[in-house]
Amino acid sequence: MDIFEKFSKDTRAKEALDAGVYLYFHELQSRQDVEVVMEGKRRIMLGSNNYLGLTTSPEVTDAAMQAIETYGTGCSGSRFLNGTLALHLELERELADFLGKPGVITFSTGFQSNLGIISAVAGRGDYILCDRENHASIYDGCKLSSAKMVRYRHGDMADLERRLQSVPETAGILIVTDGVFSMGGDIAKLPDIVTLARKYGARVMVDDAHGLGVIGRGGRGTASYFGLEDEVDIIMGTFSKSLASLGGYMAASEETAWYVRHNSRPFIFSASIPPSSAAAALAALRHLRAHPELVDRLAHISAYAREGLTARGLAIRPSETPIVPIYTYSPERTLRTAKALYDAGVYVNSVLPPATAPNECLLRTSYMASMTEPLLDEAMDIIRDVLATL
């Protein structure tokens, strides 16, 4: 059998393209902002993770350009060898101070962060308890680790406890959960997870990619939101969302950080974050610390969107975050609705199986602190009108 034979059998994307509802790889021709130009037309951006709106901040862009002037465009090596800049260490120190965790490591991407952390911390003979709606990078990190992955039903603490009870007493246990779930926008039941971890001798890791800058004191994330900073063993996050850059991090104890630095293959064998990205993330972090009111503005805008969508008769999935899913139910209706919205000037993300159940498909909308109420009203009116026609 030819290993390439599967290519011709996977027809889903081609079928969507032929039907005129292919929604991916749209060409962005402007900055990532509340309004963008995509394929020659203005679109209101309700599909970005630029939660604090800092991708266009002069402080952030200036810092990135200055870093290129100082350090050049890349490091040409891994952190382990020749690729550690003063910028990387400065960023790690300030993240450690912000998050209240002494050991911080930065990775080249958020996806790579989960691969690198999980595969180093867990190994053969260990068990990883994984929420079913965790991000794909967590699943891949579990596979790379050689530990046994056990999934529990989303947010179901009784099911998590049943799974914990089945783990051999001699095994190491890591419970991994998104802090803010990337598709639904709901927040993990972290107090219950921590209680179960204590009861069964497990460690807790939170993927806070969508929590940093969004919830918690001054945007410090999910552990801060619940006052559980000292109870969470590992916090993972990204720079590509609230911090308007590229890369990721782990925040933990010094001992954990030292171990991962010397045992994480994705960390050791990958080139380090480019100078411009490290400088942009650092500038964005400093901007967030200086302007904690951005987090309050984001919460206000998100609540305004939820209330506005509900008032317009739209079925939304409840959340307390900038991620507000709108139910469209069937895959076909979801694709056609997203395409109609795109044509009408609003960009949203469609969520289809296997990311959802077959009849629980949705449009994932997300919001930024830099948005205005009139712009949101324009977008929500368009969404209402498009959905009414379908």
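Is D381 buried, partly exposed or exposed? D381 is partly exposed, with a relative accessible area of 26%, where buried means under 20% relative accessible area, exposed means over 50%, and partly exposed lies in between (1.4 Å probe, protein chains only).

This is a predicted model, in which local features need pLDDT of at least 70 and side-chain atom pairs count only at pLDDT 80 or more, while totals for chains, interfaces and linings use all residues. Residues are numbered from 1 along each chain as its sequence is written, and side-chain values use heavy atoms, with hydrogens and water left out.

1. The salt bridge of D381. D381 forms a salt bridge with R312, the closest N and O atoms being 2.9 Å apart; a salt bridge is a side-chain nitrogen of Lys or Arg within 4 Å of a carboxyl oxygen of Asp or Glu. Because D381 lies in helix 15 and R312 in the loop between helix 13 and strand 10, the pair ties together parts that are 69 residues apart in sequence. Helices (H or I, at least four residues) and strands (E, at least two) are DSSP runs, numbered from the N terminus.

2. Other salt bridges. By this rule the count comes to 24 salt bridges. One of them joins E90 and R286, whose closest N and O atoms are 2.7 Å apart; since E90 belongs to helix 4 (residues 86-99) and R286 to helix 12 (residues 275-290), this pair ties together parts that are 196 residues apart in sequence. Both ends are partly exposed, E90 with a relative accessible area of 28% and R286 with 38%. Another salt bridge, with closest N and O atoms 2.9 Å apart, is formed by K339 and D343, which are four residues apart in helix 14 (residues 331-344) and therefore separated by about one helical turn. K339 counts as partly exposed at 23% relative accessibility, and D343 is likewise partly exposed, at 39%. Salt bridges that share partners also join R312, D377, D381, R384 and D385 into one network.

3. The sheet with order 10-13-12. Three strands form this open sheet, and the pairing is antiparallel; two strands pair if DSSP finds at least two bridges between them. Strand 10 and strand 12 stand at the edges with a single partner strand each, so one side of each is left without a neighbour in the sheet. Neighbouring strands of this sheet are turned by 30° against each other on average, direction ignored. Strand 10 and strand 13 (residues 361-366) pair over six bridges, with L363 as the bridge partner of I326, whereas three bridges join strand 12 to strand 13, where V351 stands opposite L362. Five of the seven residues of strand 10 (residues 323-329) are buried, so this strand is largely enclosed by the rest of the structure.

4. The sheet with order 1-2-11. A further open sheet of three strands has mixed pairing, and its edge strands are strand 1 (35-38) and strand 11 (346-347), each pairing on one side only. Strand 2 (residues 41-45) pairs with strand 11 in the parallel sense over two bridges, and M45 stands opposite Y347. Helix 15 (residues 373-389) lies across strand 1, strand 2 and strand 11, running at about 100° to strand 2; axes are lines fitted to C-alpha atoms, for helices over the stretch in contact (heavy atoms within 4.5 Å), and angles run from 0 to 180 degrees between N-to-C directions.

5. Backbone points to check. Most residues other than glycine have a negative phi, and most peptide bonds are trans. F25, however, has a positive phi of about 65° although it is not a glycine; F25 is placed in the loop between helix 2 (12-18) and strand 1 and counts as exposed at 76% relative accessibility. Y329, in strand 10, has a positive phi near 70° and is partly exposed, with a relative accessible area of 42%. A cis peptide bond joins P353 and P354, with omega about 10°, and P354 lies in the loop between strand 12 (349-351) and strand 13.

6. Two buried helix residues. S113, in helix 5 (residues 110-121), is buried with a relative accessible area of 0%; leaving aside its neighbours within four places in sequence, S113 is in contact with F107, M236, G237, G248 and Y249.
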